[in-house]
Amino acid sequence: MVSGQAADPLLVIDTLPLPVCGLTRAPRDRCFKLVADYGYCAAKELHYYGFKLGLRIARSGMITSYPLLPARPHDINALDDLVDGFVGIVPADKGFIDAVRQALLEERQGVLVVTPPRKGMAAHYHPQLLKACKRIRKCVETVGSQLTERFAVARIRVRDLWHYQQRLIRKILAHTVVVFLNLQAGRPPLDLDDLVTV
């Protein structure tokens, strides 16, 4: 990648719901019947029919990976796809908590997935690391909002998967170009200085 953002040692991951039609129309869907599924987004308290967009984002806000995922499985099932080919620190939300999978990723691939503890759970990471990752994780929420509100990724209306993917790619490319131009204008990414080694 020309920008060098994919080589960032810290990339944030998340998923974004992509409904393809309203729930009332879902049983009559003929366009995506074999590939779309029912899903639930806890963050938005949204039941929907469609897909999930996996996002791996650099601290600058540039999207470095965006797999189109099935809507139904829980986010933890997408963890391997989202960190594929990456080595470093990955701040993630509570939807990616799985101690066994996280330990395997750290041991085999050198990927440290940092998730905040659930209520009543013991924290496995240094409090300063959790605090810094929480702050950095906000960039993925911002990018998700930009894609939803400014680029309308949740309102792609086409009749087949090929056209759906092409429109999605164009929207992500437009977002990437805007972030790249922003970086060229001199806006620096967030800093790693706040992160502490555990």
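Residues are numbered from 1 along each chain as its sequence is written, and side-chain values use heavy atoms, with hydrogens and water left out. Because the model is predicted, local features need pLDDT of at least 70 and side-chain atom pairs count only at pLDDT 80 or more, while totals for chains, interfaces and linings use all residues.

Let us begin with the largest pocket, which holds about 520 Å³ of space. A pocket here is an open set of points on a 1 Å grid over the protein atoms alone, where a 1.4 Å probe fits and protein lies on both sides within 12 Å along at least five of seven lines. The volume is the space filled by probe spheres set on the points, which are joined across faces, edges and corners. Lining residues have an atom within 4 Å of a point; there are 24 of them, and T15, C41, A42, A43 and D75 lie nearest the centre of the pocket. Strand 1 (11–21), strand 2 (37–41), strand 3 (46–58) and helix 3 (127–149) are the elements that give two or more residues to this lining. Helices (H or I, at least four residues) and strands (E, at least two) are DSSP runs, numbered from the N terminus. Helix 3 provides the largest share of the lining, five residues. Sorted by class, the lining has 11 nonpolar, five polar and eight charged residues. In this scheme Ala, Val, Leu, Ile, Met, Phe, Trp, Tyr, Cys and Pro count as nonpolar, Asp, Glu, Lys and Arg as charged, and the others, Gly among them, as polar.

Most residues other than glycine have a negative phi. E45, in the loop between strand 2 and strand 3, has a positive phi of about 50° although it is not a glycine. A152, in the loop between helix 3 and helix 4 (161–184), also has a positive phi, near 50°. Are these residues buried or exposed? E45 counts as exposed because its relative accessibility is 66%, whereas A152 is buried at 15%. The cut-offs are under 20% relative accessible area for buried, over 50% for exposed and in between for partly exposed, with a 1.4 Å probe and protein chains only.

Next come two paired strands. Strand 6 (residues 88–91) and strand 7 pair in the parallel sense over four bridges; two strands pair if DSSP finds at least two bridges between them. P91 stands opposite V114 in strand 7. In a regular strand the side chains alternate between the two faces of the sheet. Both faces of strand 7 (residues 111–114) are covered, with V111 and V113 buried on one side and L112 and V114 buried on the other.

Now for the aromatic rings. Rings of Phe, Tyr and Trp (its six-membered ring) pair if their centres lie within 6.5 Å; planes under 30 degrees apart count as stacked, over 60 as edge-to-face and the rest as tilted. The count comes to four aromatic pairs. One of them joins Y38 and Y49, a tilted pair at 5.1 Å centre to centre with 55° between the planes. Y38 sits in strand 2 and Y49 in strand 3, 11 residues apart. Y38 is partly exposed at 34% relative accessibility, while Y49 is buried at 5%. The rings of F51 and Y164 also form a tilted pair, because their centres are 5.4 Å apart and their planes stand at 45°. F51 lies in strand 3 and Y164 in helix 4, so this pair ties together parts that are 113 residues apart in sequence. F51 is buried, with a relative accessible area of 4%, and Y164 is buried at 0%. F51 and Y164 form one aromatic cluster with F32.

Finally, how many disulfides are there? The count is zero, where a disulfide is a pair of cysteine sulfur atoms within 2.5 Å. C21 is in no disulfide, and its nearest cysteine sulfur, that of C31, is 8.3 Å away. That distance of 8.3 Å is too far for a bond. C21 is buried at 14% relative accessible area, whereas C31 is partly exposed at 31%.
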